[in-house]
Amino acid sequence: MLTVRVRQRLGNGAAHLVIGGLQRPEAVAAALPAHSTPDVRHARLEAVTGAEDLLAVLAPDERRALAPILHRALAAFAAAPPDLATPLGVLPTSTRPLIMGVLNVTPDSFSDGGRHADTDAAVRVGHALAAAGADLVDVGGESTRPGAQPVPADVEVARVVPVIAALAAAGVRTSVDTSKAAVARAAVEAGAVLVNDVSAGAFDPDLLPCVAELAVPYVLMHLKGTPRTMQHDPHYLDVVAEVFDHLAVRLEQLEALGIARERVLIDPGIGFGKTTAHNLALLDATRELTSLGRPVLVGASRKSFLGVLTGVDDPGDRLEASLAVAALAVAGGARMLRVHDVAATVRAVALAQAVATARPSAGG
Ligand code: PMM
């Protein structure tokens, strides 16, 4: 499949582009003028060129196929993405970065007491996240930490549905963090307005058809492997190119399954089958992901690479690093942040967003 990643737009109408899926990238590189500095790496063409100059050197069929993808990517790059419609009103992704507060309803997060006590405690935390400024409370009943074992669907439903129902009844907007169709369905029926799936539909073949039917927004995240094995020596030839192309291909597949692009957020999957170097390369490329024309979600809060970089073992003590990464992601164009420390992130993001929009031409 043809993919277009914009790395940078230059003032003279040219852009630094990476094109995947060309039939003969070397021949295209040879046909471009030297000042385009064309290069082919891992079968992808990289060049600094105007759109028309690039299209002019392609064979007619490939030109026709690439033109709409290229023009869409150039228009979308660094531009404000559209808002997202949900059953509980619009998520204003066009105007500001949104905050998704993390609410893990797993035994290790709410250890003592019976089921009812767990639910009450989780609902209280959900209210606190919303009061602190979370636009969405992301409720998950299965740990996706490295090494985590899967949980049966009925157990996951029993954990998340009462919490989502109670929060929704109180007017708190929730998403469900699940890769299972049965859980997604029960959660949306209980009031969740978005399905956040770390597997890109790879763990349960029924999930994507279910999301198409439920017609709610969907987070499409990149993950290499499974949570149980993903941190066993992850390897990429070019992590940014591979994550980007994976998301581009999956967006097409989603559309074919009836999940409109307009409903999808994309997420590079920080920490999911990635080393510290991979995570940093992806964070640095946040703006490039905007070429796909969808709001970018970044979930880096408290993750272990922040501990590696700062020498902080306890995830609860990684606040400063989490805030720094949130601010950098917003500066790079991220439009949703999945975080544990909502109040502090809201303040950090307000500052980052003020800088990002200070210049009238900054594009929101
Ligand atoms: N990270 C975790 C869980 N769910 N969902 C999305 N979309 N993106 C993420 O980065 C993400 C996620 C794992 O983090 P946790 O164990 O701190 O909840």
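User: Which side chains meet in a salt bridge here, and how far apart are the N and O?
Analyst: In this predicted model, the side chains of Arg5 and Glu288 form a salt bridge, with 2.5 Å from N to O.

User: How many salt bridges does the rule find across the interface of domain 1 and domain 2?
Analyst: The rule finds three of them across the interface of domain 1 and domain 2, and the count of residue pairs in polar contact between domain 1 and domain 2, both residues being at pLDDT 80 or more, is six.

User: Which elements supply the side of domain 1 that touches domain 2?
Analyst: Strand S1 (3-9) and helix H3 (60-76) each supply at least two residues of that side, and S1 gives the most, with five residues. By class, the side of domain 1 that touches domain 2 has six nonpolar residues, two polar ones and four charged ones.

User: Back up a bit, where do the domains run in the domain assignment?
Analyst: The domain assignment of the protein places domain 1 at 3-78 and domain 2 at 84-361; the contact takes 12 residues from domain 1 and 15 residues from domain 2.

User: And what separates their centres, and how much area do they bury?
Analyst: Taken over C-alpha atoms, the centres of domain 1 and domain 2 are separated by 32 Å. Between them the two domains bury about 1200 Å², and 53% of that is on carbon and sulfur atoms.

User: Switching to the ligand, which residues are the closest?
Analyst: The ligand is surrounded by 15 residues, of which the closest are Asp177, Asn196, Asp267, Lys303 and His340.

User: Which atom of the ligand is 2.6 Å from the side chain of Asp267?
Analyst: That is a nitrogen atom of the ligand, which lies 2.6 Å from an N or O atom in the Asp267 side chain.

User: What about Lys303 and His340, how far are they from an oxygen atom of the ligand?
Analyst: For Lys303, a polar side-chain atom lies 2.7 Å from an oxygen atom of the ligand, while for His340 a polar side-chain atom lies 3.1 Å from an oxygen atom of the ligand.

Note on methods:
Residues numbered from 1 in each chain as written. Predicted model: local features only at pLDDT ≥ 70, side-chain atom pairs only at ≥ 80, totals over all residues. Heavy atoms only, no water. Domains from an automatic or database assignment. Contact = heavy atoms within 4.5 Å. Buried area = accessible area lost by both parts, 1.4 Å probe. Salt bridge = Lys/Arg side-chain N within 4 Å of Asp/Glu carboxyl O. Polar contact = N/O pair within 3.5 Å; in protein donor to acceptor, adjacent residues only side chain to side chain. Helix = DSSP H or I, 4+ residues; strand = E, 2+ residues; numbered from the N terminus. Nonpolar A, V, L, I, M, F, W, Y, C, P; charged D, E, K, R; others polar. Near = heavy atom within 4 Å.
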